[in-house]
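Please read it alongside the sequence and the coordinates.

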Amino acid sequence: MAWGGRRYLRAFVGGFFVAVPVTVTALDRLAYVARVEGASMQPFLNPEGGSDCDVVLLNRWSVRNYEVRRGDIVSVMSPKNPQQKIIKRVIGLEGDFIRTLSYKNRYVRVPDGHFWIEGDHHGHSLDSNSFGPVSVGLLHGRASHIVWPPNRWQRIEASLPADRGPLDTEEEEG
């Protein structure tokens, strides 16, 4: 019996030392789930408010080259508090001209290597209107699906609010 127990223990320990690095790598490189707290992304995320929080799948693989689109909902390390991750919508990309809502300058050109993020619930969001353009180096993942609660399961498509986005500069370019 002792010999069988040792074999079981050896198999368990061997499996453990394989499973942990594989799991950590998968979570670090591929995707993980995150709870969205607060009102900054209402009404799209957490539409009910209160203690009911949406849980989203954050796709890390899709942002490995720091490529995002306008309208993507992304997780970034907060420029104000590096211990905190925030979830916001991408409004502008590098080179875009943005009409800000409450930033120190009314219009901003998003510098190279940066993007402009905002919460959907203006006035209840700590976002680029507070701290300016965000470095793409702070990008952590792109929200691809709402996975909880079950009645809200859905794929998250990139979309901009009707009144937000870069200023139309076609007249200048054409």
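1. What pattern does the protein chain follow, read along the sequence? The order is α-β-β-β-β-β-β-β-α-β-β-β-α, from three helices and 10 strands. Helices (H or I, at least four residues) and strands (E, at least two) are DSSP runs, numbered from the N terminus.

2. This is a predicted model, in which local features need pLDDT of at least 70 and side-chain atom pairs count only at pLDDT 80 or more, while totals for chains, interfaces and linings use all residues. Residues are numbered from 1 along each chain as its sequence is written, and side-chain values use heavy atoms, with hydrogens and water left out.

3. Confidence is given as pLDDT, the predictor's score for each residue from 0 to 100. The protein chain averages 83, and 84% of the residues score at least 70. Strand β7 (residues 114-118) has the highest mean, 95, and helix α3 (residues 170-173) the lowest, 42. Over residues 170-174 pLDDT stays under 50, and the model has zero contacts there beyond four places in sequence; a contact means heavy atoms within 4.5 Å. Where pLDDT is low, the predicted coordinates should not be read in detail.

4. Of the 174 residues in the protein chain, 36% are buried. Buried means under 20% relative accessible area, exposed over 50%, and partly exposed in between (1.4 Å probe, protein chains only). The chain exposes about 10800 Å², with carbon and sulfur atoms supplying 55% of that area; areas come from the Shrake-Rupley method with a 1.4 Å probe. Among contacts with a separation of 6 or more, 58% are between residues 24 or more positions apart.

5. Strand β2 (residues 54-59) has five of its six residues buried. Strand β2 pairs with strand β1 (residues 31-36) in the antiparallel sense over six bridges, and Y32 stands opposite L58 in β2. Five bridges join β2 to strand β9 (residues 139-148), also antiparallel; there, V56 has I146 in β9 as its bridge partner. Two strands count as paired if DSSP finds at least two bridges between them.

6. Leaving aside neighbours within four places in sequence, the contacts of S75 include Y32, L58, I87, L139 and H140.
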